[in-house]
Amino acid sequence: MRRFLTLSFRNADLPPFSCQFGDRRRRVLDLPLIAWLTVIWVLLWSTLTWANVVTGVVVAVAVCLAFPLPRVDLGLRLHLWGILRLVAYLLYDMYTSGVKVTRQIFAGRPHRAAVIGVPLRCRSDLMLAATAVAVSNVPGGSIVEVRRATSTVFLHVLDADRPEELEAARRSVWRLEELTVRAFGTPDEIVRVAGPPPPHRTRTAGGT
């Protein structure tokens, strides 16, 4: 009797942590990919609730079944301790940044906005996109462009009156990059983000 559901530990041909549905028209669900798509869904909604998590899992499974991908190494690894650290930092950063933005709104004085380029240490498309999504979910800054060739993100910051504020924005991006890679990156990427940040230009595009 043939199995309708086959787990990866029973079939060495399947990717790790995956399962296969059906016999003739086989569909393979990559569980790390489903987990990652669920994280992206929750980050897009900017609210961690059970409803968003369950909906994200359902959407991820539906997408994987409707649009099966060829077998490729996405460069995605799940590190439980790294994921917990990333979630805790995002919640803390969202709170503190939200308070800061609220104070700027009610301060009664204009602030100079700017767009700054922040070079990243990670080189994979997946980690570059994940870092950009994480940064965009923090109030006070948003990604306006991602330059894949140079692994650079361009960040719009609300308070660019002082150079210290711009440097703090860069350090925040690098911190989120490190936490994202330590949560989902490969060992080579983790070693890369453990090093010092790449050199950057201090030139910015200003505005009011």
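Predicted model: local features only at pLDDT ≥ 70, side-chain atom pairs only at ≥ 80, totals over all residues.
Figure 1. The crossing in which α1 passes α2 is right-handed.

**Figure 2. Residues of α1 meet residues of α2.** On the α1 side, the contact is made by L33, I34, L37, T38, W41, V42 and W45. On the α2 side, the residues are N52, V53, T55, G56, V57, V59, A60, V61 and C64. Sorted by class, the contact of α1 with α2 holds twelve nonpolar and four polar residues, and no charged residues.

**Figure 3. W36 and F184 form an edge-to-face aromatic pair.** The count of aromatic pairs in the model comes to two. In the pair of W36 with F184, the ring centres are 4.5 Å apart and the planes stand at 65°; the pair is edge-to-face because an angle over 60 degrees is classed in this way. The pair links distant parts of the chain, with W36 in helix α1 and F184 in helix α5 (residues 163–184), 148 residues apart. W36 has a relative accessible area of 7% and is therefore buried. F184 also counts as buried, at 3% relative accessibility.

**Figure 4. W41 and W45 form a tilted aromatic pair.** The ring centres of W41 and W45 lie 6.0 Å apart, and their planes are at 55°, so the pair is tilted. W41 and W45 are four residues apart in helix α1, which means that about one helical turn separates them. W41 is partly exposed, because its relative accessible area is 25%. Both W41 and W45 are also among the α1 residues that meet α2.

**Figure 5. Helices α4 and α5 pack with a right-handed crossing.** The axes of α4 (residues 125–136) and α5 are 9 Å apart, and the packing angle is about 125°. This angle makes α4 oblique to α5.

**Figure 6. Residues of α4 meet residues of α5.** From α4, the contact involves M127, A130, T131, A134 and V135. From α5, V173, L176, E177, T180, V181 and F184 take part. By class, eight nonpolar, two polar and one charged residues make up the contact of α4 with α5. F184, one of the α5 residues in this contact, is also the aromatic partner of W36.

Note on methods. Residues numbered from 1 in each chain as written. Heavy atoms only, no water. Left-handed = near helix turned anticlockwise from the far one by under 90°. Helix = DSSP H or I, 4+ residues; strand = E, 2+ residues; numbered from the N terminus. Contact = heavy atoms within 4.5 Å. Nonpolar A, V, L, I, M, F, W, Y, C, P; charged D, E, K, R; others polar. Phe/Tyr/Trp six-rings, centres within 6.5 Å; stacked < 30°, edge-to-face > 60°. Buried < 20%, exposed > 50% of the residue type's maximum accessible area, 1.4 Å probe, protein only. Axes fitted to C-alpha atoms, helices over the stretch in contact; angles between N-to-C directions. Parallel < 35°, antiparallel > 145°, perpendicular 65-115°, else oblique.
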